[in-house]
Amino acid sequence: MARSEEAEAWANAVYSAIQEIPPGRVTTYAHIALLLGEPQRPRQVGVCLKSLPDPESGLEFNSSTVPWQRVINAQGKISHRGPGSAERQAEALREEGVEITTGSLNEYHISFSRYGWFPKKLPSEEGGNSDDE
DNA sequence: AGACTGACTCCGG
DNA sequence: CCCGGAGCCAGTC
């Protein structure tokens with residue numbers, strides 16, 4: 001726990017931003033950080049996802065309400081962490097219609113030109129536009 | 001309390 | 001193209 005108020009505020013903002021990503025689209029940790037006005041902290045975005053609560057926590061933001069699978073790294077690949085986690089993420093994305101190619105290193109690659117979602121501002125802040133590229 | 005780690009990136013050699 | 005260093009900073013040991 002050890003979550004300070006600002007840390008929680010940050011996590012809260014990260015989760016909200018991720019919820020803006022339309023189904024079938026993906027973006028990067030860096031872009032989420034950029035949208036939040038903290039372009040130098042893509043890593044902290046990952047930290048937030050790592051601590052994303054379980055659905056049973058009862059919290060507003062959890063692994064069911066936050067489409068964490070739509071966040072990948074700047075190389076257009078799914079970051080590997082725990083065993084099987086990358087596979088679950090790939091599966092979740094494929095269910096949304098995202099095509100994923102696998103490299104020689106069993107890495108999952110996603111085409112940003114086809115599925116990338118990189119708005120300059122959060123759509124909810126613009127009050128209109130919802131997606132573009 | 002101090003050191004290490006990591007769901008990241010960028011940049012230079 | 002591969003590798004290392006630097007910046008970031010919350011969580012973990």
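User: Which exposed residues does the face of α3 turned away from its buried side carry?

Analyst: This is a predicted model in which local features need pLDDT of at least 70, side-chain atom pairs count only at pLDDT 80 or more, and totals for chains, interfaces and linings use all residues. Residues are numbered from 1 along each chain as its sequence is written, while chains are lettered from A and ligands numbered from 1 in the order in which they are written. A residue is buried if 20 or more other C-beta atoms, placed from the backbone, lie within 10 Å of its own, and exposed if 12 or fewer do. On the face of α3 turned away from its buried side, the exposed residues are R43 and K50.

User: How wide an arc around the axis do the buried residues of α3 cover?

Analyst: The buried residues in α3 are V45, C48 and L49. Taking the directions from the helix axis to the C-beta atoms, they lie on the same side of α3, because the arc they cover is only 95°.

User: Which element gives the largest share of the surface near DNA strand B?

Analyst: A residue counts as near if its C-beta atom, placed from the backbone, lies within 6 Å of the strand, and 16 residues surround DNA strand B. The elements giving two or more residues to that surface are α2 (29-35) and α3 (42-50), where helices are DSSP runs (H or I, at least four residues) numbered from the N terminus. The largest share, six residues, comes from α3.
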